[in-house]
Amino acid sequence: MSRLWVPVATLALAQAALAAEQGYDFVACTHAQRTMIEAGSETVAFGVEVWGIVSSSTTKFWEGASTHCAGYIRITQGRPVGKGTCKWLTAGGDSAVGDFEYPASGEPSWTWASGTGALKGIQGSGTFRELFSAKPASEGTSQVCRHDWGRYTTP
């Protein structure tokens with residue numbers, strides 16, 4: 001019975017080795033629709049729904065991926081704070097869902113939560129940074145390109 005742990009431990013290590021760690025690094029350009037909650041002199045708060053596409057990527061897997069997000073943002077003293085959830089759909093049809101956060105201090109973050117197809121069981125995290133924004137095409141909207149990067153694993 002004491003020898004039983006050897007095959008179990010070997011199997012566990014083999015499964016861990018099969019988990020593929022991947023990096024992602026891409027530029028996504030988005031269009032957002034804002035629903036204003038507060039537009040005061042000290043605080044601006046709004047709900048946001050965002051659609052976008054990966055315009056360039058260092059990995060073929062994420063080329064042409066699209067995204068749809070919903071969340072909220074509050075801006076006080078020029079600093080955004082907020083959270084939300086996004087779904088990513090790759091050109092090959094695999095999808096993944098995760099959460100973004102603009103914390104009160106520090107860098108914005110991204111956490112992968114679940115996926116389908118090649119992204120089933122996805123785990124990992126990253127960050128993002130706005131590269132530039134354009135003048136809004138319509139009131140209550142924004143057009144932004146941002147840089148997203150990080151790491152994830154899939155079983």
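User: On what basis are residues numbered and features counted here?

Analyst: Residues are numbered from 1 along each chain as its sequence is written, and side-chain values use heavy atoms, with hydrogens and water left out. As the model is predicted, local features need pLDDT of at least 70 and side-chain atom pairs count only at pLDDT 80 or more, whereas totals for chains, interfaces and linings use all residues.

User: Why is the pair of Tyr24 and Tyr152 called tilted?

Analyst: Rings of Phe, Tyr and Trp (its six-membered ring) pair if their centres lie within 6.5 Å; planes under 30 degrees apart count as stacked, over 60 as edge-to-face and the rest as tilted. The centres of Tyr24 and Tyr152 are 6.2 Å apart and their planes stand at 40 degrees, so the pair is tilted. This pair links distant parts of the chain, with Tyr24 in strand β1 (residues 20-39) and Tyr152 in strand β8 (residues 141-154), 128 residues apart. Strands are DSSP runs (E, at least two residues), numbered from the N terminus.

User: What makes Tyr24 count as buried?

Analyst: Buried means under 20% relative accessible area (1.4 Å probe, protein chains only). Tyr24 has 3%, and is therefore buried. Tyr152, at 5% relative accessibility, counts as buried.

How values were computed: Helices (H or I, at least four residues) and strands (E, at least two) are DSSP runs, numbered from the N terminus. Buried means under 20% relative accessible area, exposed over 50%, partly exposed in between (1.4 Å probe, protein chains only).
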